[in-house]
Amino acid sequence: MKTYMVDAGKKTGICHKWLFLILLILCMPPLRVAAAGKDGRCPSCHEGRAAGRRGGEKQATQPMTTGLGDSVHRALACPECHRDAGAAPTHKVPLAKVDCSGCHEEAGRLFGRSVHGAALKRGDKDAPSCTSCHGGHYVLSASDQRSPVFRGNLITLCARCHTDVEVQKRHNLPSTEAIKAYENSVHGRLLKEGRQMRAAVCSDCHGSHLILDRRDPESKTNREHIPEVCGRCHVQIYNEYKVSIHGRALKEGKAESPTCTDCHGEHTLTLVNDPKARVYVANVAATCAKCHANQTIIVKYALPSDRYSTYVGSFHGVALKYGDITAANCTSCHEVHRILPAAEAESSINPQNLGRTCGKCHPAMKEAVSIGKVHVEAKKESSPGMYFVRKFYVWFIGVLMALFICYIALDVYGRIRRRRHGQ
Amino acid sequence: MANEADYVERFTASERAVHLLIFSSLIILSITGLTLKYHESWFAQSIMRLEGGVLFRGKIHRTAAVVLIATFAYHLLSIMFTRRGRDFFEHMIVRKKDLIDGANLIRYNLGLRKEKPRFDRFSCIEKIQYWAAGLAVVFLGLSGFMLWFETLFMMVFPKWVVDLNHVVHSFEATVGFLVLVVWHLYNVHLNPQVFPMNRAWLTGKISKEEMRRDHPLEYERLYGNGKG
């Protein structure tokens, strides 16, 4: 039993060959379990009471920290990973680090290109290797709830290094607060409460083996790829976003065009009904305004100006600001993900469709013939009527007040003058 | 208080009630309206909280508007159907004499004229107040209804009319508000002659002495030229 399987084969006689094969097949799993971990001569030094003592004068043996138990590698014999252990009964020098890519070629290749892989190659002590995440001897399948790389455990696993202030400082990484914000995000909460095990975890957005800096064009978290990453789960929304002006602009390489995270946040992502969410009805206008009231972006892409200020000053804007959350916000008219320019026939703000759009809240408006301009700036060129009426009133009020004040001054003067003259 | 006989009734109880309803609704309308117009200022924000939010603000504003319009209608009816009302209105009509009085008042204050213009029941000052307020109620009432029933209104008129209407309502209200605060407040409250206020709006009474001084033509019509 304490022998290699190959050896066991050799010892068997020819006449029993068939019987043995049947037995072998029947016994294979337990046999291999028995063989693995206790294979060959390794356990005599590395296991049980012997471990740590039988290493000669100078060097103690490294005890096996964990058994292979029911690990996915339970069937492997030590030398299959520790190749340099070879056939030699003992080894004087410590064995080299196991190279998993011998079998896990693809994972090894991807990891090598990742930020973690690169750091490891540089000899960075903080950099994780395969075993940092997957475990050493006791490697479990990622679908096993006990595995550190199981979806539900990933947060804890990644946080081990990414909430370490020293590591953050050494590598200029995001703060613990930024990382931990995930736990309160809608993804984090769904996962924690066990309501949706498919909710995004670290690896869904950042990748697992191939984690790259977000500035890397190939990174999953690169602006340009974010919609696809989110779209893997949020298919319908991705399809809407893809055809929107924002989606198209992003594809064309207009880097300022908003991607999912610009409106929703990443680690802080919360549901739309959370008053803190950037996409909460009362916060939508301010979120859009980050770009649509940004003079640089407005000029660069020839966007219509004053969209935000005209909205904020409108009935809708004021009503929403003071707590009427049913009042229209940007997305009520422009749609949420499928935002299209007014000139396009399918746009919700195309003059042909305005009746329907306004009609969502004002049913009678469905048949309205002429809705006209919504964002009125009261500028001489674009809204002369409004401009001149305002101008007129400003002057009218000014002159009227001046006259009133003159009258009052005159009245007071007259009284003083008459009193002085004893009248 | 002097002898009862020294006083004349200037405003009847119903006229005082009209005044009370008009000024209280106007104050409420002004506060709720200015809150919306200057919603970004700190005072508007604290008032908005006091008023119980933006929707409630609108409800208060419209309720006060209905009170004001109803009072206004009552006043119009009394002008049309009561003798006193008709009399009141006739005295309120702006005539050539008012322009002359106004010019003379300026000259009198400047010292270019010895004698104060002789007013009838309503002076040119009071007429400015009355007509400014009356026209404001008409303008603001009409434009206010357009804002109230905006959707219906927009089915007939293009949106730019609605937008203009909004601007007109807001500025017209500012004019009305300033007339009240500056003109009326000075003339019936802060004016050294009547400070802290002309009590006629409460008692409805005016002393004969006051009448002879401020409304000599009316006094003479009632009591003759000699001493009353």
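Modeller: First, the axis of a helix is a line fitted to C-alpha atoms over the stretch in contact, and an angle between axes runs from 0 to 180 degrees between N-to-C directions. Helices (H or I, at least four residues) and strands (E, at least two) are DSSP runs, numbered from the N terminus. This is a predicted model, where local features need pLDDT of at least 70 and side-chain atom pairs count only at pLDDT 80 or more, while totals for chains, interfaces and linings use all residues. Residues are numbered from 1 along each chain as its sequence is written, chains are lettered from A and ligands numbered from 1 in the order in which they are written.

Start with helix 23 of chain A. It packs on helix 5 (residues 96-110) of chain B at an angle of about 45°. Their axes lie 7 Å apart. From helix 23 of chain A, the contact (C-beta atoms, placed from the backbone, within 7 Å) uses A:Leu410, A:Asp411, A:Tyr413 and A:Gly414. From helix 5 of chain B come B:Ile106, B:Tyr108 and B:Asn109. Sorted by class, that contact holds four nonpolar, two polar and one charged residues. Here Ala, Val, Leu, Ile, Met, Phe, Trp, Tyr, Cys and Pro are nonpolar, Asp, Glu, Lys and Arg are charged, and the others, Gly among them, are polar.

Now step back to the whole contact between the chains. Chain A brings 31 residues and chain B brings 29 residues. On the side of chain A that touches chain B, helix 20 (315-321) and helix 23 (384-420) of chain A are the elements that give two or more residues. Helix 23 of chain A has the largest share of that side, with 16 residues. By class, this side of chain A has 18 nonpolar, six polar and seven charged residues.

Follow helix 20 of chain A next. A:Lys321 sits in helix 20 of chain A. A residue is buried if 20 or more other C-beta atoms, placed from the backbone, lie within 10 Å of its own, exposed if 12 or fewer, and partly exposed in between. A:Lys321 has 17 other C-beta atoms within 10 Å, so it is partly exposed.

Leaving aside neighbours within four places in sequence, A:Ala285 is in contact with A:Tyr308, A:Tyr311, A:Val312, A:Gly317, A:Asn329 and A:Cys330.

Two loops of chain A deserve a glance. A:Ala302 lies in the loop between helix 18 (295-300) and helix 19 of chain A. Its phi is near 50°, a positive value in a residue other than glycine. A:Ala302 is exposed because it has 7 other C-beta atoms within 10 Å. A:Glu335 lies in the loop between helix 21 (330-334) and helix 22 (354-359) of chain A. Phi of A:Glu335 is near 75°, again positive in a residue other than glycine. A:Glu335 has 16 C-beta neighbours inside 10 Å, so it counts as partly exposed.

Chain B has packing of its own. Helix 3 (residues 54-81) and helix 4 (residues 83-92) of chain B pack at an angle of about 100°, with axes 5 Å apart. B:Ser78, B:Ile79 and B:Phe81 of helix 3 of chain B make the contact with B:Gly85, B:Arg86, B:Phe88 and B:Phe89 of helix 4 of chain B. By class, there are four nonpolar, two polar and one charged residues in it. Further along, B:Pro196 is in the loop between helix 8 (159-190) and helix 9 (200-203) of chain B. The peptide bond from B:Phe195 to B:Pro196 is cis, with omega near 0°.

Chain A has 23 helices and zero strands. Of its 423 residues, 23% count as buried. Chain B has 11 helices and two strands. Of its 228 residues, 21% count as buried. Its C-alpha atoms fill a box of roughly 65 × 40 × 35 Å, taken along the principal axes.

Technical notes:
Two residues are in contact if their C-beta atoms, placed from the backbone, lie within 7 Å.
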